Amino acid sequence: MAICSCQCPAAMAFCFLETLWWEFTASYDTTCIGLASRPYAFLEFDSIIQKVKWHFNYVSSSQMECSLEKIQEELKLQPPAVLTLEDTDVANGVMNGHTPMHLEPAPNFRMEPVTALGILSLILNIMCAALNLIRGVHLAEHSLQVAHEEIGNILAFLVPFVACIFQCYLYLFYSPARTMKVVLMLLFICLGNMYLHGLRNLWQILFHIGVAFLSSYQILTRQLQEKQSDCGV
């Protein structure tokens, strides 16, 4: 049995097993196999397995290509049975008397490394979020004591605060539909700061909007890391 990735061709897995079979028969004779009484009598064969595994993953030779073509022809005549992970879950559940549960494993998304400009955008974004929160809370306390007409100004501070925090999250972690979320957060920050034109001067508004654009650019340019391509034997 060989466990490999789904991108690995079936012929490659069979070729790997056949190579191991030839290596094993060359290393041990039938007498040695017959006299084996303990479970780990052939533990030293693991070094050969690792060597063959490395050879299949990183080295290509004409002999391997020849063996692969031969096995491909044999598999065309006798195709192997394909068993997926879901099939094994169902079979295991039926054999143990349990109802099979269809659980999908969560994908493991690894982002590219954080850049210096990305760290700067995070710091500026957190600073803008803190300024919005402080001004919003202070204005809310003042409004509750004096008047209730400034609800719009309070929301104009608190909504960009939430948008800045969410921008930090989008930069650090992968999220589906990132582009749409980035555009929405940028729109909320721009509209909130334009609404606060009377409470902030032009330079403050430009600073907050500029930080939002920088963070949006960093989010969209930070992509998922590419997986290293190998046969995965």
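**Fold and helix packing**

Reply: In this predicted model, the secondary structure of the chain comprises nine helices and zero strands.

Me: What share of the 233 residues in the chain is buried?
Reply: A residue counts as buried when its relative accessible area is under 20%. By that criterion, the buried share of the 233 residues is 28%.

Me: Which residues of helix 3 meet helix 1?
Reply: Contact requires heavy atoms within 4.5 Å. From helix 1, the residues involved are M12, C15, F16, T19, L20, E23 and S27. The residues of this contact divide into eight nonpolar, two polar and two charged. On the side of helix 3, they are I48, I49, V52, K53 and F56.

Me: How far apart are the end C-alpha atoms of helix 3?
Reply: Helix 3 has 13 residues, so at 1.5 Å a residue it should span 18 Å. The distance between its end C-alpha atoms agrees with this: 18 Å.

Me: Why do the buried residues of helix 3 line one face of the helix?
Reply: The buried residues are I48, V52, F56 and N57. On the other side of helix 3, K51 and Y58 are exposed. The buried residues line one face because, seen down the axis of helix 3, they fall within an arc of 165 degrees.

Terms used:
Residues are numbered from 1 along each chain as its sequence is written. This is a predicted model: local features need pLDDT of at least 70, side-chain atom pairs count only at pLDDT 80 or more; totals for chains, interfaces and linings use all residues. Side-chain values use heavy atoms; hydrogens and water are left out. Helices (H or I, at least four residues) and strands (E, at least two) are DSSP runs, numbered from the N terminus. Ala, Val, Leu, Ile, Met, Phe, Trp, Tyr, Cys and Pro count as nonpolar, Asp, Glu, Lys and Arg as charged, and the others, Gly among them, as polar. The expected span of a helix is 1.5 Å times one less than its number of residues. Buried means under 20% relative accessible area, exposed over 50%, partly exposed in between (1.4 Å probe, protein chains only). The arc is that of the directions from the helix axis to the C-beta atoms.
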